Amino acid sequence: MEYYSRRLSSAQGNYAPGKLELLGLIVCLEHWRHYLKGAKHQTVIHTDHEPLLAIKTTKNPSRMLLRWLSFIEQFDFVVKYRKGIENPADMFSRPFDTALETTSESSGIKVTDCDSAPDDKPPDLHCMDIY
C-alpha cells in the first residue's frame with residue numbers, strides 16, 4: 001500500500017464530491033503510471049465512494065469527464081467498493097482515535113500502547129506497536 005497526496009487548485013476545490021473522487025483516481029493513475037501501464041495483471045482499486053464504480057457507464061458525460069475517461073482507458077484496472085471503515089487506507093483521512101477504533105475492529109489490526117498512561121490520555125506515538 002502506498003500513499004500519495006497533493007494540493008487541489010482553487011478551481012478543483014469547488015468540485016462536487018464525485019468529481020473529486022474521480023480526480024483522485026486520475027491523479028494517482030498519472031502518478032503511478034510507470035508501474036500500471038503494461039502491467040501483467042489487472043490492477044484492483046478499492047474505493048469507499050460507490051458512484052465511482054459506474055464511472056465508465058455515465059450517460060451524457062461532460063467534456064472534462066470524456067478527457068478523463070480517455071486517459072483512464074489506457075490502464076487495465078477494476079474498481080471495487082469497500083466501506084470506509086473497512087478500508088485500512090482510509091485511516092489516514094480519519095481522526096486518530098476513530099482510525100484506531102475502526103481499523104482494529106474491522107481488519108484485525110491490533111494496536112497496543114506500550115506507555116502505561118491512563119486510558120483517558122492519548123497514546124504516546126513514539127512508543128506504539130502496530131501489528
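Helices (H or I, at least four residues) and strands (E, at least two) are DSSP runs, numbered from the N terminus.

I note that this is a predicted model, in which local features need pLDDT of at least 70 and side-chain atom pairs count only at pLDDT 80 or more, while totals for chains, interfaces and linings use all residues. Residues are numbered from 1 along each chain as its sequence is written, and side-chain values use heavy atoms, with hydrogens and water left out.

I turned to α3 (residues 63-72), whose buried residues are Leu65, Trp68, Leu69 and Ile72. These lie on the same side of α3 because they cover an arc of only 100° around the axis, the arc being that of the directions from the helix axis to the C-beta atoms. Arg63 and Arg67, on the other side of α3, are exposed. Among the elements covering the buried residues of α3 are α1 (17-31) and β2 (77-81).

Last, I examined the strands. β1 (residues 43-47) pairs with β2 in the parallel sense over five bridges; strands pair if DSSP finds at least two bridges between them. Ile45 has Val79 in β2 as its bridge partner.

Note on methods:
Buried < 20%, exposed > 50% of the residue type's maximum accessible area, 1.4 Å probe, protein only. Contact = heavy atoms within 4.5 Å.
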